[in-house]
Amino acid sequence: MPTVLITGCSSGFGLETARLFIDRGWNVVATMRKPQPEILPSSERLIVLALDITNPDSVAQAVSDAGPIDVLVNNAGFGAPIPVELTPLETARALFETNTLGTLAMTQAVLPQFRERSAGVIINVTSTVTLRPLPLVGVYRASKAAVNAFTESLAVEVEPFGVRVRLVLPGRSPETRFSATAREHLYGVDHPAYAPLFQRVLAGFQDTTVPITRAPDVAQAIWRAAIDPTAPMRIAAGADAELWMAQAS
Ligand SMILES: NC(=O)c1ccc[n+]([C@@H]2O[C@H](COP(=O)([O-])OP(=O)(O)OC[C@H]3O[C@@H](n4cnc5c(N)ncnc54)[C@H](OP(=O)(O)O)[C@@H]3O)[C@@H](O)[C@H]2O)c1
């Protein structure tokens with residue numbers, strides 16, 4: 001059976017994706033900053049490893065401990081709702097460090113084994129916010145749009161080596177820990193110029209009366225990217241994501 005390594009399995013899309021691949025008989029290397037094997041079903045086909053994608057030693061150790069893998073899913077990431085003008089550079093650096101450079105580091109770490117075997121799939125989870133100029137997510141969007149950009153170039157570079165690369169773009173999912181983590185980074189909510197925008201946008205973040213994305217939608221899109229060579233380069237995940245993708249094309 002093939003082996004998938006997934007980043008950010010402690011919750012949300014990563015956790016759901018690990019469950020789906022275990023259910024479908026794959027070997028799963030579920031990685032987390034703080035390993036909690038008990039949140040996944042016990043299985044002989046599951047390994048849980050520590051991995052912080054912003055730490056080069058952690059990346060090298062996890063990829064070495066995982067052994068040969070067939071599919072890498074770069075899912076780990078976080079958001080920060082802040083107007084561009086007010087985004088502390090420290091927060092901007094942290095967003096790019098995790099969402100962009102962490103994804104790049106993992107991609108670089110597995111590519112040599114994929115090239116040598118003339119096989120392998122890299123799936124990078126970005127976001128449909130990259131498709132629209134939404135307010136308060138400017139730097140987060142930039143960190144994910146950068147992943148879209150390098151992933152699409154990478155796909156052209158490694159296709160001759162037999163390596164496939166895909167993007168999965170989820171829509172808004174209030175069900176994961178994403179919003180709670182993003183709230184920890186919220187900044188400028190009381191700024192007189194931006195307070196009305198915050199009120200409007202944050203109310204919309206909680207709205208569940210409109211189409212949303214559920215974790216199984218994302219796991220299913222990642223599954224498709226892994227097994228279906230005819231899957232498009234950009235795969236929308238979630239009812240809202242599919243609408244946005246259709247409107248963007
Ligand atoms: N939920 C949404 O609305 C939404 C929409 C579009 C795209 N996305 C993207 O989908 C992905 C998964 O998000 P989610 O909704 O499932 O959120 P989530 O429940 O907060 O999960 C995010 C995961 O990323 C991990 N992570 C964060 N920084 C990390 C690092 N430096 N190294 C390793 N792991 C790290 C977290 O681990 P810890 O537990 O250690 O923090 C957690 O496991 C993210 O890339 C996110 O940007 C989310």
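User: How many helices and strands does the chain have?

Analyst: The chain of this predicted model has 8 helices and 7 strands.

User: What does the radius of gyration say about the chain?

Analyst: Compare it with the value for a compact globule of the same length. For 249 residues that value is near 18 Å, and the chain has 18 Å, so the two agree. Along the principal axes, the C-alpha atoms fill a box of roughly 55 × 40 × 30 Å.

User: What share of the residues is buried?

Analyst: A residue counts as buried if 20 or more other C-beta atoms lie within 10 Å of its own. Here, buried residues make up 41% of the 249.

User: How do I read the contacts in the chain?

Analyst: Look at the separation in sequence. Of contacts between residues at least 6 apart, 71% join residues at least 24 apart.

User: Which residues come nearest to the ligand?

Analyst: Start with the shell around it. There are 29 residues around the ligand, and Gly8, Gly12, Gly77, Thr176 and Phe178 come nearest. By class, the shell holds 8 nonpolar, 16 polar and 5 charged residues.

User: Which helices supply at least two residues of that shell?

Analyst: H1 (12-23), H3 (89-117) and H5 (178-185) each do. H1 gives the most, with 3 residues.

User: At what angle do H2 and H3 pack?

Analyst: Read angle, distance and hand together. H2 (residues 56-66) packs on H3 at about 40 degrees, with the axes 10 Å apart. The crossing is right-handed.

User: Which residues meet there?

Analyst: Pro56, Val59, Ala60 and Val63 in H2 meet Ala105, Met106, Ala109 and Val110 in H3. That contact has 8 nonpolar residues, no polar and no charged.

Note on methods. Residues numbered from 1 in each chain as written. Predicted model: local features only at pLDDT ≥ 70, side-chain atom pairs only at ≥ 80, totals over all residues. Helix = DSSP H or I, 4+ residues; strand = E, 2+ residues; numbered from the N terminus. Rg over C-alpha atoms; globule rule 2.2 N^0.38 Å. Buried ≥ 20, exposed ≤ 12 C-beta atoms within 10 Å, placed from the backbone. Contact = placed C-beta atoms within 7 Å. Near = placed C-beta within 6 Å. Nonpolar A, V, L, I, M, F, W, Y, C, P; charged D, E, K, R; others polar. Axes fitted to C-alpha atoms, helices over the stretch in contact; angles between N-to-C directions. Left-handed = near helix turned anticlockwise from the far one by under 90°.
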